[in-house]
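Student: I am new to this structure, and I would like a close look at just one part of it. Could you walk me through a pocket and the helices around it?

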Amino acid sequence: MQQRGSQQGFGPVFSPSARALILGSYPSPKSFAAGFYYGHPQNRFWPLLAAFAGVPVPVTTAEKTDLILKNNLALWDSLARCSIIGAADVSITDPVPNDIAALLAGSHIQAIFCNGAAAHRFYTQFCLPQTGLPACKLPSTSPANAAFSLERLQAAWAPVAAYMPQNNAQNPAVTPPAGAPCRPPPPGS
């Protein structure tokens, strides 16, 4: 596989009503080709969020954006640009972080969830010192993480569902994964 140069990643999907931010590491070649986050057809991100929201899996960029925004979520990547070989996060060099602190300023975001270890590592290294808000490391939805079935991902990602309007009322006592700073939203928030 060839190393990709430092291409600018996607901008944030965000609205003022967002209460939780989901961070990936950096777009894969399939995502760049699709022009939007989690573009690999076998990535479980969109099926996972659709299951939590009780809606069909979104197909278009507009449907995916709508799923994020209607559910009080925000979506971005830890890195704005980097050098990477294929989609292998372990090969990332020359990382340049996104300005997560600027996104959080004045927002209602109460929690940050990282989709995989690399997103968490880069957020913790570059962004946490500016935000002061620890992130919850969740198992990656990538097809490379075959050890996690969709059902296991749903259990691990339950704290994200707790921030979604319909789930917040139904599941006020979601249990965070052991050892992670994953917390359900405060009652009535």
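Tutor: Let's start with the second largest pocket, which has a volume of about 150 Å³. A pocket here is an open set of points, on a 1 Å grid over the protein atoms alone, with protein on both sides within 12 Å along at least five of seven lines; lining residues have an atom within 4 Å of a point. Grid points are joined across faces, edges and corners, and the volume is the space filled by probe spheres set on the points. Keep in mind that this is a predicted model: local features need pLDDT of at least 70, side-chain atom pairs count only at pLDDT 80 or more, and totals for chains, interfaces and linings use all residues. Residues are numbered from 1 along each chain as its sequence is written, and side-chain values use heavy atoms, leaving out hydrogens and water.

The pocket lining consists of Ala53, Val55, Pro56, Pro58, Glu63, Asp66, Leu67, Lys70 and Asn71. By type, that is 5 nonpolar, 1 polar and 3 charged residues (Ala, Val, Leu, Ile, Met, Phe, Trp, Tyr, Cys and Pro count as nonpolar, Asp, Glu, Lys and Arg as charged, the others, Gly among them, as polar). Helix 3 gives the most to this lining, with 4 residues. (Helices are DSSP runs of H or I with at least four residues, strands are E runs of at least two, and both are numbered from the N terminus.)

Now look along helix 3, residues 61-70, where Lys64, Leu67 and Ile68 are buried. Buried means under 20% relative accessible area, exposed over 50% and partly exposed in between, with a 1.4 Å probe and protein chains only. These three lie on the same side of helix 3 because they cover an arc of only 95° around the axis, taken from the directions from the helix axis to the C-beta atoms. On the other side, Ala62 and Lys70 are exposed. Helix 2 and strand 3 (73-77) are among what covers the buried residues of helix 3.

Helix 2 itself is mostly covered, with 7 of its 9 residues buried, including Trp46, Leu49 and Ala53. Leu49 touches Leu67 and Ile68, among others, when residues up to four places away in sequence are not counted; contact means heavy atoms within 4.5 Å.

Finally, just after helix 3, asparagine 72 takes a positive phi of about 60°. Asparagine 72 sits in the loop between helix 3 and strand 3 and is buried, at 16% relative accessible area.

Methods. On a 1 Å grid over the protein atoms alone, a cavity is a set of points where a 1.4 Å probe fits but cannot get out, and a pocket is an open set with protein on both sides within 12 Å along at least five of seven lines; lining residues have an atom within 4 Å of a point.
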